[in-house]
Structures are given as structure tokens and as C-alpha cells.
Amino acid sequence: RAQERVSAALNEAKVGQVFKTIIDREEEDYYVGRTQFDSPEVDPEVLIPAEGRTLRTGHYYQVHITDSDEFDLYGEV
């Protein structure tokens, strides 16, 4: 629980910022990516709603972080 609180605080500090984000995959209702500062399977993933847009796996996009939780960031291109 302590680690979850730390992770949530670190992620919350990113809300409102824009990050260069690479798209790793599409999963259910989201494109899943990571910022240029994050490692796969270690750092938070960036979830971008897939509805109404087409993003390309392996490509970078400027993503505005709109929300966060303990493990993930949520954003819009």
C-alpha cells in the first residue's frame, strides 16, 4: 500500500503535462503507450482512448496527460 501511494503521487504530478509517447499496442478500448522517459513493464503506461482515432504502433505522439491512478496515466493526443 505504501508503494501504491508513492506511485499514485508520482503519476498525479504528471497530470496536465504533455509527453512524447510511443504507442506499444492497442488493447480493448485503449491505445497503450509509454512516455520517452518510461521503460516497458516497469514504469506507468499511458492509456489513450481508441474510439474515434487511429494511432500507429511504434510511432510517437504528443500526449496531454489528463488523469492518473496508482499504475497508469490517461491522456489525449
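Which residue takes a positive phi in the hairpin of β1 and β2? In this hairpin, which has two residues between the strands, Glu-28 takes a positive phi near 55°. The model is a predicted one, in which local features need pLDDT of at least 70 and side-chain atom pairs count only at pLDDT 80 or more, while totals for chains, interfaces and linings use all residues. Residues are numbered from 1 along each chain as its sequence is written, and side-chain values use heavy atoms, with hydrogens and water left out.

Strands here are DSSP runs of E with at least two residues, numbered from the N terminus, and two of them pair if DSSP finds at least two bridges between them. β1 pairs with β2 in the antiparallel sense over six bridges, and within this pairing Ile-23 stands opposite Gly-33 in β2. β1 also pairs with β4 (residues 60–68), again in the antiparallel sense, over five bridges, where Thr-21 stands opposite Tyr-61 in β4.

Aromatic rings of Phe, Tyr and Trp (its six-membered ring) pair if their centres lie within 6.5 Å, with planes under 30 degrees apart counted as stacked, over 60 as edge-to-face and the rest as tilted; by this rule there are two aromatic pairs. In the pair of Phe-19 and Phe-37, the ring centres are 6.3 Å apart and the planes stand at 85°, so the arrangement is edge-to-face. This pair links distant parts of the chain, since Phe-19 lies in β1 (residues 18–27) and Phe-37 in the loop between β2 (30–35) and β3 (45–49), 18 residues apart.

Terms used
Helices (H or I, at least four residues) and strands (E, at least two) are DSSP runs, numbered from the N terminus.
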